[in-house]
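Work through these exercises with the model open. Try each task before reading its solution.

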Amino acid sequence: MDISVNQNSVTEYDYIIIGGGSAGCVAAARLSANPAKKVLLIEAGGASDVNHQSSPLRDASRLVLEGYNWDYTANIRDKHLNIESFTEFKNQLTQNSSSKKIFNYRLGKVMGGSSAVNGAVALRAFPSDFALWEQQIGKQWSWESVLPWYKQLEHDLDFAEHQLHGSQGPMRLRRPQPEEIHPLDATFADISVKQGLNYVDDLNIGEAPGVGLVPSNVAPNAERIDVYRAYLEPLKSRENLSVITDALVDKVKLENQQVIGITIKVDDKEYYLQSSEVVLSAGAIGSAAVLQRSGIGDPDHLGALNIPLNQALPGVGKNLQDHSSLVVWSVPKPGVCQSGMPWRQFATRSQSGVDQQTDIQIGLLNSIDSTTVPGFQDIAHPALVGISVMLMRPQARGKISIQSTNPQQRPLIYLPIAQDQQDILRMVAGVRNIWQTLQAPTIRQYLQETLFWSETIINNDKVMQTVVSNLINPGWHASGTLKMGRKEDPDAVTDENGCVHGINGLTVLDASVFPAIPSMPTNLTTIMVAEKLSDQLIQRSQS
Ligand SMILES: Cc1cc2nc3c(=O)[nH]c(=O)nc-3n(C[C@H](O)[C@H](O)[C@H](O)COP(=O)(O)OP(=O)(O)OC[C@H]3O[C@@H](n4cnc5c(N)ncnc54)[C@H](O)[C@@H]3O)c2cc1C
C-alpha cells in the first residue's frame, strides 16, 4: 500500500487525507470504498509494526510509547494567560514557564495515530453531551443523530443482538469475561457498590451513576487492536488507496478559497500533491497547526508570523480541551499482579458531590509496569496498582499556536487544567473517594502501601486543593481546536459537516471538531465523528 513520492510527476487524487490516526484511518477506509475514487493518506509517523511479535504497540497497558510519539510539550499550570494577542501569549509562555508547569504531551505519531498508543478503553459519550453539541451546532448532532454512527463503527461482542449496539462494524469491543476478572478488580467493584453505586451491565448505555465492566478494543489476550488494524489493514489490496508514511504535511494550498492541493516534506525535500478535496485528520494539535501554516486562522497570529492570510478564523487553535486526571498509586503485595490481562476491568461513573452532575470517572489500573509511570521509573517495585479519577466535563480551555512557519518546530500549547476552581473541587472529591476506597480492609489485603497520600493531606481542604492542582495531568484526550459551530459563532472554525468556514474542499474530520469534550475518553467518539463526516462527504460528492 505504501508508495514513494516522485518529485517530477504530479498525480491528482480525488481525496487527500492528512494524518493516519483514529479518524484518518476511518476516512481512508470509507472514501476508498468507491473504486473509482483515488485516495491518498499521508502520515507523519512511521508504518505500523504491530504485526511483529515484539512490537510494543500490541500491549494496551503500555501508554505513550517512546519512538511512536510527537514530542509536544504543554504548559498546564499557568493560570489566566492572555491568549488573544499572539505576541503576549508567546512571551508569557516562553518567559514565565518553569519546568514543573510543562507536561510532555506525547500524542501518537505512527499509523493508527493516538489509537496505536492509547489505553484501548472504548466508551461512548453520554446522550447529554450531545445535547450540548446540538445547542452549538444543530440537530444533526443530537444523540438520536449520532447513535447510528456509534452502532456502525462497532461489533460489540457482548451485546451483538442489542438494538442499541452494532454487530457489523470494524471495531470489536469486548468486556472482561468472568474467568478473566482479577480478585482485586472484583473487590474494587464490590466496594463501589457498597458505597452506593448501582452495578451497570453496560457502561455504553445511559449515563446514570454506576459501576461496570469497561469495554475495550482489545483481543482476548488484552492485545490492543487500534483503528489502523481494525479499519485499514484488511483493505491493503485496494488499488485506489495509497499511503505515504514518514511524510510531514506542511500546508494546504488554496486558489480563490478553493483547495487545490497540499505540500509535504520528506527528508527535507518539498513535494506538491494535487487534489480539490482535502480531509484534515491530523488530530487536535496537528490539524490546527496545518491550518495556521496554510494562512487560515487568527489574523493577529498569522500577521505576527508574516503568513499571508487566506481566511480569517480567530477560533483556529482555541477551545483546546482535555480531561484532567490523577492517579493514586499503591504498591501491591507480592504475587498480586500478573501480566497479560486487561489493565482496566471496572470503572465507575459517579458524582463528586459538588453539584448533581455525574462528573467523575474512577477506575482501577491493575498491574501497571512502573517503568512506564512518570516519576516512578526508579521505584523498586516492577508493577503498581493505580486508582484514577478523571474529570468528565472540564471547564478549562486552552490554545495551540504555531510559533513559526517551520512545520518541524513544536507549536505552543497552553492547557490550563488547574485554572477553574470548580474543576479542582471535583477532582479533590474524586481523590477523597479513592482514599476512602483504599481504606476498605477487602482491598488492603492486596496492597502493601499507598504512595504519597496520607490522612493529613486528605483531610485538609487547602492542602488538598494545592496538591491536586499540582498533580493533575491532562488525560491525553486533546480535542476542540477547530470546533464545529454556526457561522455567527466567532470561534467556530467548521460547520456541521466539518467543512472549514469560507473554504471549498477542506473538511476537518478528527477530535478537533468537538465543540465540547465528551464525558468519556475520546477515541470512540472520534471514530463515530469520522464515520458520520465521511458519509456526509461522500454524499456531497454524489450530489
Ligand atoms: C496515551 C494516550 C492514551 C489514550 N487512551 C485512550 C483510551 O484508553 N480510550 C479512549 O477513548 N481514548 C484514549 N486516548 C485518546 C484517543 O486515542 C484520541 O482521542 C484519538 O485517537 C484522537 O484521534 P484523532 O484522529 O483526532 O488524532 P490522532 O489519532 O492523534 O491522529 C492524528 C494523526 O495525524 C498525524 N499527523 C499530525 N500532524 C501531521 C502532519 N502535519 N502531517 C502528517 N500527519 C500528521 C499524527 O502523526 C497522527 O497519526 C488516548 C490518547 C493517548 C495519546
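**Exercise 1.** Does Y105 count as buried or exposed?

Solution. The model is predicted; local features need pLDDT of at least 70, side-chain atom pairs count only at pLDDT 80 or more, and totals for chains, interfaces and linings use all residues. Residues are numbered from 1 along each chain as its sequence is written, and side-chain values use heavy atoms, with hydrogens and water left out. Take the cut-offs: buried is under 20% relative accessible area, exposed is over 50%, and partly exposed is in between (1.4 Å probe, protein chains only). Y105 has 0% relative accessibility, so Y105 counts as buried.

**Exercise 2.** Classify the ring pair of Y105 and W476.

Solution. Rings of Phe, Tyr and Trp (its six-membered ring) pair if their centres lie within 6.5 Å; planes under 30 degrees apart are stacked, over 60 edge-to-face, the rest tilted. The search of the whole structure finds 13 aromatic pairs. In one of them, Y105 and W476 lie 6.2 Å apart, centre to centre, with 20 degrees between the planes: stacked. Next, locate the partners. Helices (H or I, at least four residues) and strands (E, at least two) are DSSP runs, numbered from the N terminus. Y105 is in strand 5 (residues 102–105), and W476 is in the loop between strand 23 (473–474) and strand 24 (506–508), 371 residues apart. W476 has a relative accessible area of 28%, so W476 is partly exposed.

**Exercise 3.** Classify the pair of Y199 and F346.

Solution. The ring centres are 6.5 Å apart and the planes at 65 degrees, so the pair is edge-to-face. Y199 lies in the loop between helix 5 (183–194) and strand 8 (210–213), while F346 is in strand 17 (residues 346–350), 147 residues away. Y199 is partly exposed at 42% relative accessibility; F346 is buried at 5%.

**Exercise 4.** Which residues do ring pairs link into a cluster?

Solution. The cluster holds F130, W133, W141, W143, Y150 and F514.

**Exercise 5.** Compare the span of helix 9 with its expected span.

Solution. Helix 9 (residues 421–439) has 19 residues. The expected span is 1.5 Å times one less than the number of residues. That gives 27 Å, and the helix reaches 27 Å from its first C-alpha to its last. Its buried residues include D423, R426 and W435.
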